Amino acid sequence: MAIIGKRGRVRLASAVLAVAGSVGLVVTTAAPASAAPAYIHLYAVQDVGSSDNGYCDTGYFCAYTKPWLDPYGIGFYNDKWDWAATDVPKIWSGTESINNNAESWWNHGTPSYNNDVQVYQYAGGSGVSMCVQNGVQIQLASSYGMANLPSAHVWRSSC
């Protein structure tokens, strides 16, 4: 049995990397994945997948101030039991809260264990509620008696 000292280990590691490089193996270290922003500002529903433009990105539950998913709102990445909380940004105009001001919604979540959204009338999850399945757009919340009511939501496994 051979004993390899510190210098031998360094030489051995260098030799292994050299062989790996010569046969086309690439050795890398994985960088940690960046977390999605908790909130995004919404301008309109014209497109999907561009958070710099404020559209409802994949993985978000989006609430808009007007019917037909237009023009302004907030996209939520996680559960939010109180839309009036100070960490929830104001609607793009900068003065109005999405709390009790949502007239249309889009569950643009991803297929996973928790992909449907339960929307609640009151903070903390009480009052009138409605479940929005993954991929569903509620363009007229007034048709469901929910226009300008929501104050909370939670992701859940199914409706």
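Buried means under 20% relative accessible area, exposed means over 50%, and partly exposed is in between (1.4 Å probe, protein chains only). I use these words throughout.

**Ground rules.** I am reading a predicted model, where local features need pLDDT of at least 70, side-chain atom pairs count only at pLDDT 80 or more, and totals for chains, interfaces and linings use all residues. Residues are numbered from 1 along each chain as its sequence is written, and side-chain values use heavy atoms, with hydrogens and water left out.

**Entry 1: strand S4.** I looked up S4, residues 104-108. Strands here are DSSP runs (E, at least two residues), as helices are (H or I, at least four), and both are numbered from the N terminus. How many residues of S4 are buried? I found 5 of 5, so S4 is mostly covered by the cut-off above. I then sorted the side chains by direction. Ser-104, Trp-106 and His-108 point one way from S4. Trp-105 and Asn-107 point the other way. In a regular strand the side chains alternate between the two faces of the sheet.

**Entry 2: partners of S4.** I count two strands as paired if DSSP finds at least two bridges between them. S2 (residues 60-64) is joined to S4 by 5 bridges, and the two run antiparallel. Within S4, Ser-104 is the bridge partner of Tyr-64. S4 also has 2 bridges to S7 (residues 137-138), again antiparallel. There, Trp-105 is partnered by Ile-138 of S7.

**Entry 3: strand S3.** S3 covers residues 73-76. Gly-73 and Gly-75 point one way, Ile-74 and Phe-76 the other way, and all are buried. S3 pairs with S1 (residues 39-42) in the antiparallel sense, over 4 bridges. On that pairing, Tyr-39 stands opposite Phe-76, and His-41 has Ile-74 as its bridge partner. S3 is also joined to S2 by 4 bridges, and these strands run antiparallel. Tyr-64 stands opposite Gly-73 there.

**Entry 4: the five-strand sheet.** I put the pairings together. In what order do the 5 strands of the open sheet lie? The order is S1-S3-S2-S4-S7, and the pairing is antiparallel. S1 and S7 stand at the edges with a single partner strand each, so one side of each has no neighbour in the sheet.

**Entry 5: the three-strand sheet.** A further open sheet has 3 strands, in the order S6-S5-S8, with antiparallel pairing. Its edge strands are S6 (126-132) and S8 (152-156), and each pairs on one side only. The twist averages 25 degrees from one strand to the next. For that angle, axes are lines fitted to C-alpha atoms (for helices, over the stretch in contact), and angles run from 0 to 180 degrees between N-to-C directions. I checked S5 against S8 and found antiparallel pairing over 5 bridges. Val-119 stands opposite His-153 in S8.

**Entry 6: Gln-118.** This residue lies in S5, residues 116-122. Is Gln-118 buried or exposed? Gln-118 counts as buried because its relative accessibility is 7%. Its side chain makes a polar contact of 2.9 Å with the side chain of Ser-129. (A polar contact is a pair of N or O atoms within 3.5 Å; within protein, one must be able to donate a hydrogen and the other to accept it, and residues adjacent in sequence count only if both atoms are side-chain atoms.) I also listed contacts, meaning heavy atoms within 4.5 Å. Leaving out residues up to four places away in sequence, Gln-118 touches Ser-129, Met-130, Cys-131, Ala-152, His-153, Val-154 and Arg-156.

**Entry 7: disulfides.** I searched the whole structure for cysteine sulfur atoms within 2.5 Å of each other. The search gives 2 disulfides. Cys-56 and Cys-62 form one, with sulfur atoms 2.2 Å apart. Both cysteines are buried. The link is right-handed, with 95 degrees about the S-S bond.

Cys-131 and Cys-159 are joined as well, at 1.9 Å from S to S. Their disulfide is left-handed, because the torsion about the S-S bond is about -80 degrees. The pair links distant parts of the chain, 28 residues apart: Cys-131 is in S6 and Cys-159 is in the segment after S8. Cys-131 counts as partly exposed at 22% relative accessibility. Cys-159 is partly exposed too, at 45%. Numbered in sequence order, the bonded cysteines pair 1-2, 3-4.
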